[in-house]
Amino acid sequence: TGGMFPLLMEFGAVDGAEYSADARARAQRKFPGRRVEPCELPEAIDRIVKALGPALPAGRNRLAVAAFTPTGPSDPATAPLFGDWFAETLASAARMALPALKLYERKRLDAVLAENELAVSGLVDERLAQRIGQLAPIDALLAGTYTPLAGSVDLHCRLVDVVTGEVLMSRVERIRVTPEIEALLAPRGAAAAVQPVQPVQP
């Protein structure tokens, strides 16, 4: 059971008071890119963007960022706005930090997917990534999921090469819920408009 303890703590199955600092450190070493303690959103975005740059193949910098989707069943008509908002915020941060990056517009990506009756839901697999690569002029696709927890949100993101289907980067971040994020996690129609959050300056 010792090997499962970090995971149980991470997903709220163990009281944090019983989880030592040493155990947290071991969990971080065992699960790189995965945060046990929640951080602020700009910090998480900054780390994702910093990992994104080196992960893109040299000379292939055309990227599309798909809306993040909630884990578990979800009705698109009432799905929270968080996934769309997070994707736009992440894309804006990547555009500022990586000047050579060529971002494919979300509206164009959504149109291509709808026209071909495709849907990016969750962590994109090899076959879907390659299919999208045949339809859109991009080199890689960044997509992911989010899981609301008590006072925090887990973000799982994956960068996939749309030619080979290879997973170029995979990260997990845990962010702290603010009032703005809480509103965006509400069913669609109940969330207020929120401006993208700027990334942490290096």
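1. Contacts in the chain (contact means heavy atoms within 4.5 Å) can be sorted by separation in sequence. Of those with a separation of 6 or more, 62% are between residues 24 or more positions apart. The model is a predicted one, in which local features need pLDDT of at least 70 and side-chain atom pairs count only at pLDDT 80 or more, while totals for chains, interfaces and linings use all residues. Residues are numbered from 1 along each chain as its sequence is written, and side-chain values use heavy atoms, with hydrogens and water left out.

2. The chain has seven helices and six strands, taken as DSSP runs (helices H or I, at least four residues; strands E, at least two) and numbered from the N terminus. Their order from the N terminus is α-α-α-β-β-α-β-α-α-β-β-β-α. Of the 202 residues, 43% are buried (buried is under 20% relative accessible area, exposed over 50%, partly exposed in between, with a 1.4 Å probe and protein chains only).

3. Helices H3 (residues 41–55) and H4 (residues 82–97) have axes that come within 10 Å and cross at roughly 55 degrees. Axes here are lines fitted to C-alpha atoms, for helices over the stretch in contact, and angles run from 0 to 180 degrees between N-to-C directions. The angle makes H3 oblique to H4 (under 35 degrees is roughly parallel, over 145 roughly antiparallel, 65 to 115 roughly perpendicular, the rest oblique). From H3, the contact uses Leu41, Ile45, Ile48, Val49 and Leu52; from H4, Trp85, Phe86, Thr89, Leu90, Ala93, Ala94 and Ala97. These residues divide into 11 nonpolar, one polar and no charged.

4. The largest nonpolar core holds 34 residues, and Phe82, Phe86 and Leu159 touch the most other members. A nonpolar core is a set of buried Ala, Val, Leu, Ile, Met, Phe, Trp, Tyr and Cys residues joined through side-chain atoms within 4.5 Å. At least two residues each come from H3, H4, helix H7 (179–184) and strands E1 (62–65), E4 (140–148), E5 (152–161) and E6 (167–176). H4 gives the largest share, eight residues.

5. Leaving aside neighbours within four places in sequence, the contacts of Leu159 include Leu52, Leu63, Leu142, Glu166 and Met169. A second, separate core has 17 residues, among them Val112, Ala136, Val160 and Val162.

6. Glu117 sits in the loop between helix H5 (106–115) and helix H6 (126–135), and at 75% relative accessibility it counts as exposed.

Conventions: Ala, Val, Leu, Ile, Met, Phe, Trp, Tyr, Cys and Pro count as nonpolar, Asp, Glu, Lys and Arg as charged, and the others, Gly among them, as polar.
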